[in-house]
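The following note sets out some points for the colleague who will work with this model. The numbered paragraphs are meant to be read beside the coordinates.

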Amino acid sequence: MNRTKFVACSYALLLASTSLAAAQERNPLRDAYFGETHVHTSYSLDAWLFGNRMTDPGDAYKYFKGEPIKHPLGYDIRIDTPLDFAGVTDHSEYVGVVRLANDPGSAINKMSAAEPLILKNNSQEEVSRVYLYALKLLAGEKIKALLSPEIAHTVWGENIDFANKANEPGKFTAFCSYEWTSMPNNMNLHRNVFFKDCAHVPAAPFSALDSDIPSDLWKWMDDQRSQGNDLLAISHNANLSDGRMYPTEIDVNGRPIDRAYAEDRMRNEPLIEIKQIKGASETHPLLSPTDEFATYQIFTYLLSNPEGRIPHIIGSYARQALKDGLVLEDTKGFNPYKFGFGAASDSHNTGAPYRQDNFFGGHASLDGTIEKRMSGTMFAGMDPRLENPAGLTGVWAEENTRESIFNAMKRKETFAVSGPHIKVRVFGGWNYAEGQTADQRHDFWKSTPDWIKDRDWLKAAYAQGVPMGGDLTPPPAGDKPPAFAVWAVKDPTSGNLDRIQIVKGWAKSGQSFEKVFDVAWAGDRTPDKWTGVVPPIGSTVDLEKGTYTNSIGAVELKSVWTDPEFDQSTPAFYYARVLEIPTPRWTTIQAAQLGIAPPDVAPTTVQERAWSSPIWYTPAPETHKLAKAGPTVDDIKKAGAVALDDAELKALIVDKTPWLQNNVTGTKFRITYSASGTANATQTLAPIDPSYFTSKLDQNQGQALADNVGRQTLMPSATGDAAAASYLGTPSPYYINDGKLVTVLAGTPIEVTAYKLGDKVYGARSNEFGYVNYEIIPEIKELNPLSPGNAVLQ
């Protein structure tokens, strides 16, 4: 029996089904529609300065419908596959002002306030002068004369007119939308705001000049909703937020992350942008060290970044936020991070490149030629070779109308694609695996239930469970695990499919965990006996020519997967990730065109992908009690525990090798804390609070080296790649201050406070929500590994 679990389809069938879906007026089982939710035209202040001075929002809609338009440098650009919907999201801050200031026929051109925005010539020095001034405006400097209703209201009205003109119900949906561009201290907190109906919009959008605090935007959105203007926001480029997009204690304005914050955020922001030209925000290798595909489109950067700061990773990626949301709900009863996934471009060219073989940059004249792109010439701190083609948001909606697509985004029945139009569906339920034996549920590739092979399987999927973006219904009696129906079909114009994976996250006692499961794949590959990981599919890429063939992979993948490690007492989420076979990256393709070697600062190949929105499981209160949560700091203090001071902590660990036991997982490992670290080791990875660095630290810092951590060891979030560090002997800096043992993960300090209770010492990590999850076992000088009494330390 073939283990691939895919049903072969011809291109003709796929294209025919796509055409049929387009012809249907309303499909209760819903069709896939692809759209752009983040693009800039010459109306955006920075786009105009980048050289985009010819095209407007009307041209953007022409481009998305398949018509050619002009790139800012004058050549024709055309989309690979026309879209179903789009919203132009020009910056609301000083929207249209630079364009009008440089138009001799406009009233703004004569204003003294506009003079600093007028280019005297097109020299690089002159453009830089105006650009730097414009950045001050985007950062919040208010020029009253340039913010008058006669300007701002007029440009917003033009945007609405363009959207209404482009909107064709049943064929193409154009939304009224804009970008709220908050960037306090160069942290990207931007949101794209979409209105459900262009007939119900405010006179002018709320901009970061009104407030750059997200909670103020939500308050304004709530007020709009009370007036009948339904709307939603999509956060973008969390990877550039310096760790502030997904806070767990206080937000950027010092507001506590509490139930009110969670409700405000989820009411207004059902979706996040997981991928765009400036990188992916799904996860990072230091946050997901056991995920072999976590290195995808990493883009470490802060906008402009005049201070040269290293951006924080923790708080900047979606998967970690989903896990933190579970822990917040588990410990405090609310979750601010139950969001769905979308993707977009953030192109400043009016049009956007969505394919590796049609990449023309995203920043007008700054990366608009192959020579500039491939030279690696930096602009605004960016190397264009690290840019990527744009992503798209997919929705499952009954019809192609504003109302239907907006409602799909609001209920999070959405998915994101890296560019190609890959279709993916995921349903979760308790009865999907009926008919499978326990052995078949464990080795799910051996048997697929007959119901999902039926042509009408979608009816059964909706009837028996929930689609992506939803919450699993309460489970039936007993400890029955949930099952997930997964389906994906390739873009007929792109690479074949490699595999479908399920990414699971769960939480317990303040800790969060993740695991990636391969659940359907092409070919007769056999999962590894011990890990369950499916081997790589191979590659047909010719690096010298920048080409590939579709001689491997699958057209369609389908399966039912049952969670083999389900714990009914712990909250969890599940989302699907679909991977294409390897194909050449745009840098490889364009290097071949130039006859040069592919640049070694970027990958030579890429596996395009799609991500489904998550499905959540929340245990009932009586079931949750079965989790038997560990003790908290308050618990052990009431029992008489006392925190160790600096001297006691130093005596316990410095120049010693204590063992640590994670009491949540039972994992045991040891760490050597050397006092021989360099004097400025911690200064090079400055934490958020610089007050940590005092003169007394010179004697309380060093290097820590973990040992006895394997690749399959279950580790909680925010430990870095402990397995690799253990194997390679790579130490990390640490220091002791104010009774805290502090290690640093990508600029973020993780503190451990040690408490002595009786003859035992316990540790509480600062990112584990007040739980005491570790027992610190002092160094034992002579350890006999054969002694039964010491076996627990192996």
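1. In this predicted model, N237 sits in the loop that links strand 8 (231-235) to helix 8. Its phi is positive, about 50°, although N237 is not a glycine. N237 counts as buried because its relative accessibility is 1%, below the 20% cut-off.

2. A718 belongs to the loop between strand 29 (701-707) and helix 18 (722-728). With a relative accessibility of 6%, A718 also counts as buried.

3. Helix 8 (residues 259-268) packs against helix 7 (residues 214-226); their axes are 10 Å apart and form an angle of about 60°. Helix 7 is therefore oblique to helix 8. The crossing of helix 7 past helix 8 is left-handed.

4. Which residues of the two helices meet? Helix 7 contributes W218, M221, D222 and R225, and helix 8 contributes Y261, D264, R265, R267 and N268. By class, the residues of this contact comprise five charged, three nonpolar and one polar.

5. The largest nonpolar core has 118 residues, of which F64 and F341 touch the most other members. Strand 17 (residues 483-489) gives the most to this core, namely seven residues.

6. Beyond its neighbours within four places in sequence, F64 is in contact with E36, V39, I79, P82, L83, A86, F172, T350 and Y354. Another core, of 31 residues, lies apart from the largest one and includes V95, V98, I143 and A364.

Note on methods:
Residues numbered from 1 in each chain as written. Predicted model: local features only at pLDDT ≥ 70, side-chain atom pairs only at ≥ 80, totals over all residues. Heavy atoms only, no water. Axes fitted to C-alpha atoms, helices over the stretch in contact; angles between N-to-C directions. Helix = DSSP H or I, 4+ residues; strand = E, 2+ residues; numbered from the N terminus. Parallel < 35°, antiparallel > 145°, perpendicular 65-115°, else oblique. Left-handed = near helix turned anticlockwise from the far one by under 90°. Contact = heavy atoms within 4.5 Å. Nonpolar A, V, L, I, M, F, W, Y, C, P; charged D, E, K, R; others polar. Core = buried A, V, L, I, M, F, W, Y, C linked by side-chain atoms within 4.5 Å. Buried < 20%, exposed > 50% of the residue type's maximum accessible area, 1.4 Å probe, protein only.
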